[in-house]
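Dear colleague,

Please find the structure below for your use.

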Amino acid sequence: MNDGVEAEVFDELSRRYRWELHVHCYRMLGSFEAAEDHVQEVLLRAWRGRESFEGRSSARTWLYRIATNACLDTLRRTTPPLQPYPDQVLDERPGPEAAVVERETISLAFLAAIQLLPARQRAALILRDVLAWSAREVAELLDASVPAVNSAVQRARVTLRERWPGGREEWAPAGEPGAEQRELLERYIAAHEQADPEALVGLLREDVVLSIEPGVGEWHGAAQVAPALREGMMSRGRWRMLPWAANRQPAVAGYVLAEGDTAYRPFVLGVLQAEGGRISVMKAFEAPELFVTFGLPVELGI
């Protein structure tokens with residue numbers, strides 16, 4: 001191939017697979033920002049190594065190999081912080097490619113759980129159980145034997161089964177958010193904006209779980225969660241919240257007006273899970289820098 005045709009073909013491959021490579025890196029790393037950085041790195045590695053692609057596998061497999069190895073390289077050095085993934089980005093590729101982001105395989109519960117797996121187990125599980133690759137294909141990608149891949153996947157499945165005995169159906173709530181969940185989200189927002197902590201506590205299940213990232217803490221059960229919410233709501237200032245959606249779950253973007261300030265400033269991104277009309281899981285991300293990344297307003301007027 002001459003350089004012009006080669007560049008044109010590579011550009012087409014980049015456009016075709018960039019989105020699903022981004023989702024793959026997100027599952028591997030649990031971080032939207034890290035996934036963004038890694039896709040750039042993957043495409044750079046692919047461009048530099050394009051002459052080594054001999055066509056014995058598909059271009060998609062070749063790019064997934066580069067992406068998986070880039071993520072494994074990172075995970076040997078560090079663990080990126082868990083972050084949400086905005087639905088407006090997930091929705092950029094409707095149709096057949098939507099299978100890449102089925103609800104249960106993009107939920108924060110699933111993402112948080114697989115981050116606990118050793119990196120190569122995580123890669124094997126994602127490729128086999130999420131992307132439905134064969135054991136032989138995964139073995140070739142990971143430079144491993146088929147028995148080694150099968151063993152890694154089995155160990156990963158056991159770990160997940162300990163958390164969800166019912167299998168992948170329990171990885172995320174079934175179905176799209178309905179009227180009940182939308183009403184619950186509205187009440188959650190109203191409780192904050194009206195500075196009514198007891199209204200917020202009234203929305204919780206007894207077995208609710210609250211986690212605040214990065215690394216702030218985790219609380220289990222309403223008896224633990226309620227005091228944490230009361231303190232957080234009343235100590236920050238006045239609240240404004242925008243409804244949002246992330247990881248196929250209802251979410252909010254929370255802004256705080258501190259005493260003496262002239263605008264509501266980004267403070268927290270919250271992702272909720274509901275069961276039986278009440279909140280069962282609350283994941284909060286104190287990451288104001290993500291508001292710009294996710295296309296959210298940088299401030300709200302008084």
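**Helix packing and burial**

Helix 3 (residues 59–77) packs against helix 8 (residues 135–142) at an angle of about 55 degrees, and their axes are 9 Å apart. That angle makes helix 3 oblique to helix 8. The model is predicted: local features need pLDDT of at least 70, side-chain atom pairs count only at pLDDT 80 or more, and totals for chains, interfaces and linings use all residues. Residues are numbered from 1 along each chain as its sequence is written, and side-chain values use heavy atoms, with hydrogens and water left out.

As to terms, helices (H or I, at least four residues) and strands (E, at least two) are DSSP runs, numbered from the N terminus. Axes are lines fitted to C-alpha atoms, for helices over the stretch in contact, and angles run from 0 to 180 degrees between N-to-C directions. Angles under 35 degrees count as roughly parallel, over 145 as roughly antiparallel, 65 to 115 as roughly perpendicular and the rest as oblique.

In contact (heavy atoms within 4.5 Å) are T61, Y64, R65, T68 and L72 of helix 3 with E140, L141 and L142 of helix 8.

Helix 3 also meets helix 7 (residues 119–130): their axes come within 10 Å and cross at roughly 150 degrees. Helix 3 is therefore roughly antiparallel to helix 7. This crossing, too, is right-handed. Y64, T68, L72 and L75 of helix 3 touch A119, R120, R122, A123 and L127 of helix 7.

Helix 3 has 19 residues and reaches 28 Å from its first C-alpha to its last, close to the 27 Å expected at 1.5 Å a residue (1.5 Å times one less than the number of residues).

In helix 12 (residues 222–236), the buried residues are A222, V225, A226, L229 and M233. Seen down the helix axis, they fall within an arc of 100 degrees (taken from the directions from the axis to the C-beta atoms), so they line one face of helix 12. The face turned away from that buried side carries the exposed residues A223, E231 and S235. Cover for the buried residues of helix 12 includes helix 10 (179–193) and strand 1 (204–213). G237 follows helix 12 and has a positive phi, near 130 degrees.

Methods. Buried < 20%, exposed > 50% of the residue type's maximum accessible area, 1.4 Å probe, protein only. Left-handed = near helix turned anticlockwise from the far one by under 90°.
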